[in-house]
Amino acid sequence: MSGAPALDWRTAWKIARRDLNARFRGLRLLLVCLFLGTAALTAIGTLTSAIERELAGRGQEILGGDLEVEVWQRDLTAAERALLTARGRISAGTRMQAMAVAGAQAAPVGLKAVDDAWPLYGRLVLADGRRVGAPAAGEAWAAKGAAERLGIAVGERFTVGTGELVLAGIIANEPDRLSEGFQLGPSVIVAADFPARAGLLAPGAMYQSKYRLALPPGADPAAAQQAIAAAAPSAGFEYRTRDRASPGADRFVSRMGEFLGLVGLAALVIAGIGIGGGVTSYLDARRAAIATLKVLGATSRDIARIYALQIAAATALGTVLGMIAGTLATPLLARALAGLLPVETRLLADPRSLLLAAAYGLLVALVFAAPPLMRARYYPAMAMMRARVAPLAFRRAGLWWSAGGLAAIALLVVATSAQPLLAGGFLLGAAVVVGLLALLGRGIARAAAALPRPRNPLARAALANLHRPGAATTTLVTALGFGLAAFVLLAAIQTAIDGNIARTVPREAPDFFVLDVPREREDAFRALVTDSQPQAAIRTVPALRGAILAYGPQAAMTRVADLEDIPDGAWALRGERGLTYAQGVPPGNRVTEGQWWSADQAGERLVSVDADLAQAIGLEVGDYLTIGVLGVERTARVANLRVIDWESMGFNYVLVFSPGTLADAPHNLAATIDLPAGAQTGPLLRALVGAFPSSSVIEVGDVLVQARDLLGQVGLATLAAASVAVLAGLAVLAGAIAAARAARTYDTVMLRVLGASRGQVLAMQAAEYGMLALALAGVALALGTGIAWLVVTQLFEFEWLPHRPTVLATLGGGLALVLAFAVGGSLPLLRARPAQALRAL
């Protein structure tokens, strides 16, 4: 019969379609695995692409111009303004924290003063539908949250500083809100001259001057930035272009996109193992049909075509359903992020993401389905008939198809990933892990064969099942390893993020932060607080802003402006940072190298530098550091390095100078107030706002709630994403047990014939899987925590703070679930009829 002509594809499809159950019975695991993987990749790709398109396409509107120039604690000089106006239209404004007061109500707000040219791009939309620009003098546009906290409606009055305002409208859409960054309060937009009239711009006050430029058509913002920087290298300007209108959002989207992409690939890799097990189980169940076809003259190529078409049909259905589900899920994800990122909440479809998800799904199906399909193709009918008692040997033919599929996946990842090295390393790591688990499976089988036989017959039978001919130990070890590791991964990532929330946003913190306390009124400030709360703890520090301009040995200092890339960990080199001076070591700081200056130190200018920053830029004790403060350069010698306790919610400065270095620069004070437990904050808040109208009084409790909510959203998104890998792991576990179940029917029937009870059969299954699960617990713990460490520390750049008891408890829950799956998967075996099962051999 080997010389018979091969069936054409049309005839093969007719046979495949007749043999294929309408509900895809036997191939449902393949459907589920592909559904999960492609749905995850579709949703991730579509959402990320939509956000990136919005950031790129609305860059001018988000930034409010083509180029932004900003500087702290001063306005631009006439010469500096001329540099900007020579290159295009400008819009000038001021940003600062302030306190808004209406009657007995007070609330911190982000005050935004804008000129008549604002916004250069886009329009402000009010809740009543009006599209407006800057408010008129004496009026304000306010965010809904500000009006609610002040208890006022449109047309009513409130004060900021010493100036009175009329609420003229509620903001519905602020075009450049995303580029403003984090604010300690909702937005209030006023006319450009209001801060000065309200006494908010006194020397030393903390505010930003922002200038946006609308360049002529075709002008390059990067070139304009370089020209301005070259003309004013020491001005302390910070720049942003329309291509990076919101660097924080860009970074968040990039990091989250990378993480979610890896989650999608992980889900597909894990699902691929389930696909292999599902196809193996399906073909084993079709053993008699394959043998019959071969007896009737079907060639090996015919068999391959018929069952390849069946698997392809199931693959196509699972992939299409996954793509549909991923597309439908995108608006839900977009709605959850609508307050954080610019993304449309309508139904979105990204052709590139759909094609990539389909390609990955089909290639993964090819990689894992080819070996069992090729095995069924090459064996004669009698071998297929005897497969239950004489299992088929491994065939290498399918490996070529798998290798080709793996190569195509690797090429696709490298060609489409924004981080090809990261994605390629992930795939390489996944391949290594699969290989190691396979080797571990063989090692467990050999170890089981070498162990002495237990006296208990059930334990002896369970141990024998691990090494007998045809045992699925290698497949089970791979599936259980990935499945249990997925549980550990989920718990470790989630608890590590929770740990960072608890550490970064501590539950114990000062009750108030107060900004812009006039130096000359420090005694009055302390007296007011102690009169209201005699037990209050008050700490004040000088508060300035400045930029690091140069650093290094005095004879060979490195100019920050000349750096092509900022070194990793040297975030303090980007723009202006908080500066202070002190006589003694700040609380929560510890000197690690060098000596602190004396309390009466005078003469030489000295600076204490954060040890982490010094390590990042190669700064040593004895080197020099130049800063720009209010347009004036000041150079100080590095006297010591110190470690900062960032967990405290006090004042932590990367740079602390000796008093003589900065004391003559215009500046105010910042203060923290810690009240006794149970003290009421309202009376003190109203007293401070009334006595210090130009200062910003911030209740820390509200800020902590806002920060915890924000980080909680990130944690929830991570949890939801990692859950996809866990679902894939569960599918793999179910598939591995289902695949092994087909081979156990004969064993169960023989045991039942020999007198074994139902409980003994179930106990044997539980013992077998229990031994495997316990052997893999350590491997899964190491694998899951290792991947979680990479995600948390390298991708998110968080501290590694998992809650180990929770991780171990989750692993224990995974082990219990494995046993439950094993026992549940064995229940159908008990219903097998001995006569029918024996006739099927």
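A: A residue is called buried under 20% relative accessible area, exposed over 50% and partly exposed in between, using a 1.4 Å probe and protein chains only. The model is predicted, so local features need pLDDT of at least 70 and side-chain atom pairs count only at pLDDT 80 or more, while totals for chains, interfaces and linings use all residues. Residues are numbered from 1 along each chain as its sequence is written, and side-chain values use heavy atoms, leaving out hydrogens and water.

Strands (E, at least two residues) and helices (H or I, at least four) are DSSP runs numbered from the N terminus.

β18 pairs with strands β13 and β19; two strands pair if DSSP finds at least two bridges between them. With β13 (residues 537-552), the pairing is antiparallel and has five bridges. Here Gly-552 has Tyr-624 of β18 as its bridge partner. With β19 (residues 632-644), the pairing is also antiparallel, over six bridges, and Gly-628 has Glu-633 as its bridge partner. β18 and β19 form a hairpin with two residues between them, and Leu-630 in the turn has a positive phi of about 55 degrees. Most residues other than glycine have a negative phi.

Asp-516 and Gln-73 also have positive phi values without being glycines, at about 60 degrees for Asp-516 and near 65 degrees for Gln-73. Asp-516 lies in strand β12 (residues 512-517) and, at 6% relative accessibility, counts as buried. Gln-73 is in the loop between β1 (67-72) and α4 (78-85) and is buried, with a relative accessible area of 7%. Another backbone feature is the cis peptide bond between Trp-118 and Pro-119, with omega of about -10 degrees. Pro-119 is placed in the loop between β3 (105-114) and β4 (124-126).

Five bridges join β6 in parallel to β8 (residues 163-173), where Val-166 is the bridge partner of Glu-139. β6 pairs with β9 (residues 187-191) in the antiparallel sense over two bridges, and Ala-142 stands opposite Val-188 of β9.

A search of the whole structure finds three aromatic pairs, where rings of Phe, Tyr and Trp (its six-membered ring) pair if their centres lie within 6.5 Å, with planes under 30 degrees apart counted as stacked, over 60 as edge-to-face and the rest as tilted. In one of these pairs, the ring centres of Phe-525 and Phe-692 are 5.7 Å apart and the planes stand at 75 degrees, so the arrangement is edge-to-face. Phe-525 belongs to helix α18 (residues 522-532) and Phe-692 to the loop between α21 (682-691) and β22 (696-699), so this pair ties together parts 167 residues apart in sequence. Both Phe-525 and Phe-692 are buried. The rings of Trp-596 and Trp-597 have centres 4.2 Å apart and planes at 35 degrees, so this pair is tilted; Trp-596 and Trp-597 are both buried.

A charge sits over a ring if NZ of Lys or CZ of Arg is within 6 Å of the ring centre and within 35 degrees of the ring normal. Arg-521 lies over the face of Phe-692 at 4.2 Å from the ring centre, and Arg-545 over the face of Trp-72 at 3.9 Å.

For the chain as a whole, there are 25 helices and 22 strands, and 51% of the 841 residues count as buried. Among contacts (heavy atoms within 4.5 Å) between residues at least 6 apart in sequence, 80% join residues at least 24 apart. Ala-599 lies in the loop between β16 (589-594) and β17 (606-610).
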